[in-house]
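Have the structure open as you read.

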Amino acid sequence: MPAQKSTGRLADLERDGFVVVRGIVAGQKLEELREASLRVEKLGRSGQWPHIRTVGKQFPPWTFSPEKGIWGVQHLMNPDLPGHEIFTRQYFSEEILSIVRELLQCDDDELVMELFNMLVRPDGDFELRWHRDDIPADASAEEEMERLGRPAFHAQYNFALWEDESLVLIPGSHKRPRTETERNADPFEKVLPEQLVVKLGPGDIAFYNNNILHRGVYDSKKDRVTLHGSVGHSGGSKLRARNVLQHGIGSYVDKVDFSKLSDGERQRAEEMRARLVKLGSESGDVGYSLQG
């Protein structure tokens with residue numbers, strides 16, 4: 001990565017494992033995203049869009065079982081999804097990617113297209129267990145540090161369209177193995193030492209290292225629509241492959257429609273897609289990061 005001046009946001013991310021940027025979208029653009037998202041949420045709840053996250057199952061693959069209720073909708077940039085062009089435009093927007101470049105300390109020619117999904121209110125209360133996205137729960141302290149000692153090579157984010165207090169994490173845990181208390185705790189422990197609830201308002205975005213120790217707590221009584229995305233760095237190569245490809249993006253990546261992007265955005269998007277396709281062709285069968 002090129003040597004660039006460290007920023008306050010980057011310093012926060014490196015120290016805490018997450019950083020919140022307030023109000024990156026407001027006004028008409030926020031309303032447009034809200035309207036498109038509510039339409040997609042309705043399709044997911046009614047079973048008209050089969051790519052959903054099913055209540056009761058935390059990690060992919062998810063089976064199409066809308067009768068169990070949903071807590072997320074997958075594949076927002078899939079051209080078969082109504083409103084895909086709005087989500088594609090947002091994913092490749094400068095307001096998102098300018099922060100990504102800052103946090104990854106890279107240029108456009110190192111960015112990799114990854115994932116864009118949606119997290120929504122479940123029909124019944126649902127909680128995710130404490131986890132790191134790409135490190136299994138039975139990893140030893142040495143195995144944890146073997147992965148945590150490498151660069152993250154991604155910028156993962158929750159972008160709230162309404163208020164959101166669902167992400168719970170332990171600041172700084174992206175740089176160390178679990179403590180004995182964390183390792184021996186119940187996976188659904190309500191409170192762990194030093195945990196923090198990330199509070200987002202409409203238009204706020206939280207970037208976080210996906211190997212920070214974290215969980216999700218989803219309240220069925222509180223409406224929620226949060227866009228959940230990630231952008232990769234080409235240096236991640238196969239280190240990122242499983243995290244991204246396990247979600248099935250390879251089935252439609254070549255069809256994602258960039259026609260509504262500006263000329264500069266379209267060229268950048270095409271190059272980001274090409275890097276993802278290259279990653280997929282080099283990685284083969286990647287399996288799944290976590291079970292459950």
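In what order do the strands of the 7-strand open sheet stand? The order is S1-S9-S6-S11-S4-S3-S2, and the pairing is antiparallel. Keep in mind that this is a predicted model.

## Edges and twist

S1 and strand S2 (52-54) stand at the edges of this sheet. Each has a single partner strand, so one side of each is left without a neighbour in the sheet. From one strand to the next, the twist averages 20°.

Helix H1 (residues 8-16) packs on the sheet and touches S1 and S9. The direction of H1 makes about 145° with that of S1.

## Around strand S9

Strand S1 (residues 18-21) pairs with S9 over 4 bridges, in the antiparallel sense. Here Phe18 has Tyr208 in S9 as its bridge partner. Strand S6 (residues 154-160) is also joined to S9 by 4 bridges, and the two run antiparallel. Phe159 stands opposite Ile205 in S9.

In a regular strand the side chains alternate between the two faces of the sheet. Now look at strand S9 (residues 205-208). Ile205 and Phe207 point one way, while Ala206 and Tyr208 point the other way. All are buried.

## Strands S3 and S4

Strand S3 (residues 70-73) and strand S4 (residues 111-120) pair over 2 bridges, in the antiparallel sense. Gly72 stands opposite Leu119 in S4.

## The 4-strand sheet

An open sheet of 4 strands has the order S5-S10-S7-S8, with antiparallel pairing. Strand S5 (126-127) and strand S8 (196-200) are its edge strands, each pairing on one side only.

Strand S7 (residues 164-169) is joined to S8 by 4 bridges. Leu169 stands opposite Leu196 in S8.

Terms used:
Residues are numbered from 1 along each chain as its sequence is written. This is a predicted model: local features need pLDDT of at least 70, side-chain atom pairs count only at pLDDT 80 or more; totals for chains, interfaces and linings use all residues. Side-chain values use heavy atoms; hydrogens and water are left out. Two strands pair if DSSP finds at least two bridges between them. Buried means under 20% relative accessible area, exposed over 50%, partly exposed in between (1.4 Å probe, protein chains only). Axes are lines fitted to C-alpha atoms, for helices over the stretch in contact, and angles run from 0 to 180 degrees between N-to-C directions. Contact means heavy atoms within 4.5 Å.
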